[in-house]
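Trainee: I have a model open and want to read its details. Can you take my questions one at a time?

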Amino acid sequence: MLLGEQEQFLSYNGEVLIFHLSKTKYVEGATADKTMNLCVRRMAFDRDTKLFVQKSSGVYSMLASHFKTEIICCSCTTDSRTGIILPCVLMKKKKQNNVVKYFVLLLHSSNQFEQSFHFKLDYELKEDIRLFTGPSVLWRHANKLFYISSATCTVLSAPVQLSSVVWTGEIEDEGTVVLGIRTACLPESEEDDEFSTSDRAIWGSEFFGYAVETQKILTGTCFMPHAYSRVVSSVYVCKNEMLKKQLRISLVAITHKNQLIWFQDGHPKGVCELPYEKPQSVEMAVTSSNDLLFIVSFASGSICVVQRRDGLQVASSWQKVRSVLVDDFIGSGSEQLLLLFKDDSHTDVLSSFKITDLGAVNYASGIKYKHDVPAAEGLQENGLLTVQALETRLQAGCTSVRELQQHLGVKKRVILESCRALIDLVEERTHILPTAKKVKCRRQYRSLLNSEPFEGLVSLWDDVENPPHSLSKETSLASKVQEHFVEKLWQRVVGDSLVVGVKLTESFHLSLSDVSLSLVTDQDFSSISPIIECQNKIIKLNKAFSALSVSSCQIEPPPKKMKLDLRSKNDPKKEFPKGCARVQSDGAKTVIAVTSLSPLLAFHRVCCIVLLHAKKQKHWNDSLQESKKITVVCGKILLSLEDISSGKYSVKMLRDNGYCTGSVEDILAVLALSVRFSFQIVSSDYTLTPINSWLLGEMECTPFKECHDNIFCHKAGNVYGTVFNWSLKNPFEGVLTLFCRNLTVLFQCLHSLTRVLPPSCNIKLLRSGTEGVLTEQLALALEKEMLTSRNSFFSKENKAENSVTWGNELGKKISDASVVSLLDSEEGVQQFRKKLQNEREESMLSMNQTMNGALYQEIALKIAETQLNSDMIVWRLA
């Protein structure tokens, strides 16, 4: 009589093994014998009947008196004696005195069970129980790791503390490895990975790998970042290999946040939201079309399959699933999924199933499959040929993609080598190019992971003809320029931006339109470019600090003509002509570079070289004759998380006795991140005295200690940090200038201002400068436009006359005396007619002169530059 039962399912070589535990009581007279039988049935899928049939069975009998016997788990493990993978079952017998006996059974092909080893514990195994090679048993108890194998038959304890085990498997060159999570153990030495240390310190926990055979601790960051240690519950390692003495690992992980994440070499590459809650485990299947399927099991009995093609996405899902197995059940050479559903109406668990690979294979119980007719065979053959052709095209496309990836890799290495050469140039070091190698033809397919391109970098100039002394000459020139022009280097941190400023000396007279800053990292990061992307601005202050000018904040007019390559359209000599140059002649100029701070902080500590680029030009008769680019090494800046946390480079705008105590560098940093807007306010009926009260009262502004005309807003909220400048022309007219972070702050300030102004006030946006200054600039610009046109045409005539060569005799004028002598004879008349014809042709030639293309382009460029400059000033006056 069947008193109780317990079933476990395992796939092995395309078969389904059903382990069944039954206790049968036999009564013979007055004696009773209790035995426990572990039965196994081997079930195989019959492609003819589309059903599972039993191939064979086996029984293992045990005495069951005073014992409570259970099946803990089953798995396929490698027998270390033969190297053959065999089904393995872990059993438990619990006695009345709380002594628990565990034993491990191996199932051979003859359906005979073999007891490999047994062990006793005074507690029950409940957490993270795994079977692996040996066979061996591993478990976690009281945050400690224990294991026992058939070779030792002794329970061993690993010298690690851990809170959970997320994966156990084989790693190349390491053997059996356990991936677990433990409380962060921060290193005392500074030689360890700084990024990993900071990550562990933030999250308080870390991943680690423990090699069972060698008792070696592996770095957990090669699996995934420590930041995921709080959410990951289970892991499946898809691929691991050792390349160039570096472990390369691909894996998927499920989290408590109902996500599946794909990791490649410790970096997340994709994420997928799961359709159900509480995912428990994940495993992988490889289908006939080489698709990767990730099968996720949930606590509710649901199953979902995530497909990895263009990205991770849920391909299908099922509910009320009792068990899911992965194997080649139909004998096609690839893997399929076997879903065993919960069905109370059937006693046999294999009566309700489904076999699928989310493709061509799809078998389910309860469906009658009809035999294919001959016509369907032809259609199936045509479909197979179509699929093969599509696969060929796909492979060709993959080959093209690999070639493009290799080409992009070569470009990236060339750019990085050029950046290194630039760093060596500005630091006065001799740059050594790598040895060039010839590209070798590859006749066979080699993967990108196992092959490296054989290209090298070749110098584009002859190293012999350019001796090293030329480099020293250029660097010495740069050093002289640096000493002559650069006065101070500073840096500030404002929000998520890094502001780097270079104060130029008053003797700096080069064109500001050709001045810029570059930030180059001093470290050698192979994965990123050392050139940091930044935005340049130029701020000019006069000695009294009463006038501000931020060049990059000028608003451009709409295009009126086709723009040529105007390399000097923002030349301050054009924006501030000779008549107004005296206004800025005593001013200090600062070049500022603004870049994003977050990417730099990812490296924890960054050292950057600051380069100043300028163009040295020589002018003669208002025309550009010669220009030479120069590069100045301004110095180095060091940025670290410690300095940011301590506020070393923060902007400090404090109030002291009614004044703002911010330094000049703090003020420039705020202005560099702001946009300038000027408004002309005119009141016909009332004076504009409420504006001062509004600035000092409602906006909580205080004037700078160095400059009383410019005031800083201390009001809490978005408007904090706004700089105002209120210039009163007369009691009824004034100009209000705002330096705002964005348009939202501008609108808030204007909304607050309109509530205190009289209703009859007129507010007008000034695009740039006052009306008087712009009028003087327009007159000078029109004069320069006229002079440029006249000089251009005069230079054209001179060059054209020099380029024309006349004949010696044919170019001479015919005199009156020669005419009389020539007309005396017929031959003389013919000669006179010939000379007259030549003189007429030469006259026509002088009237129809052609112009060289380069000369015409130069003249057109000069005229277009002056015309666009005039149009700019007219647009500002409008």
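Mentor: Asp128 lies in strand β9; helices (H or I, at least four residues) and strands (E, at least two) are DSSP runs, numbered from the N terminus. This is a predicted model, where local features need pLDDT of at least 70, side-chain atom pairs count only at pLDDT 80 or more, and totals for chains, interfaces and linings use all residues. Residues are numbered from 1 along each chain as its sequence is written, and side-chain values use heavy atoms, with hydrogens and water left out.

Trainee: What is the phi of Asp128?

Mentor: Asp128 is not a glycine, yet its phi is positive. The value is about 50°.

Trainee: Which peptide bond is cis?

Mentor: Look in the loop between β9 (127-132) and β10 (136-141), the place of Pro135. Omega is about 0° there, and the bond joins Gly134 and Pro135.

Trainee: Why does the pair Phe117 and Phe119 count as stacked?

Mentor: The structure holds 16 aromatic pairs. Rings of Phe, Tyr and Trp (its six-membered ring) pair if their centres lie within 6.5 Å; planes under 30 degrees apart count as stacked, over 60 as edge-to-face and the rest as tilted. The centres of Phe117 and Phe119 are 6.3 Å apart, so they pair, and the pair is stacked because the planes are at 25°.

Trainee: Is Phe119 buried or exposed?

Mentor: Buried means under 20% relative accessible area, exposed over 50%, partly exposed in between (1.4 Å probe, protein chains only). Phe119 has 4% relative accessibility. That makes Phe119 buried.

Trainee: Which ring lies under the charged end of Arg308?

Mentor: A charge sits over a ring if NZ of Lys or CZ of Arg is within 6 Å of the ring centre and within 35 degrees of the ring normal. Arg308 is 4.0 Å from the centre of its ring. That ring belongs to Trp262.

Trainee: How far apart are the end C-alpha atoms of helix α10?

Mentor: The expected span is 1.5 Å times one less than the number of residues. Helix α10 (residues 743-754) has twelve residues, so it should span 16 Å. The model agrees: the ends are 16 Å apart.

Trainee: What arc do the buried residues of α10 cover?

Mentor: Val745, Leu746, Cys749, Ser752 and Leu753 are buried in α10. They are on the same side of α10, because the arc around the axis, taken from the directions to the C-beta atoms, is only 135°.

Trainee: Which residues are exposed on the other side of α10?

Mentor: An α-helix has 3.6 residues a turn, so residues three or four places apart point the same way. On the other side of α10, the exposed residues are Phe747 and His751.
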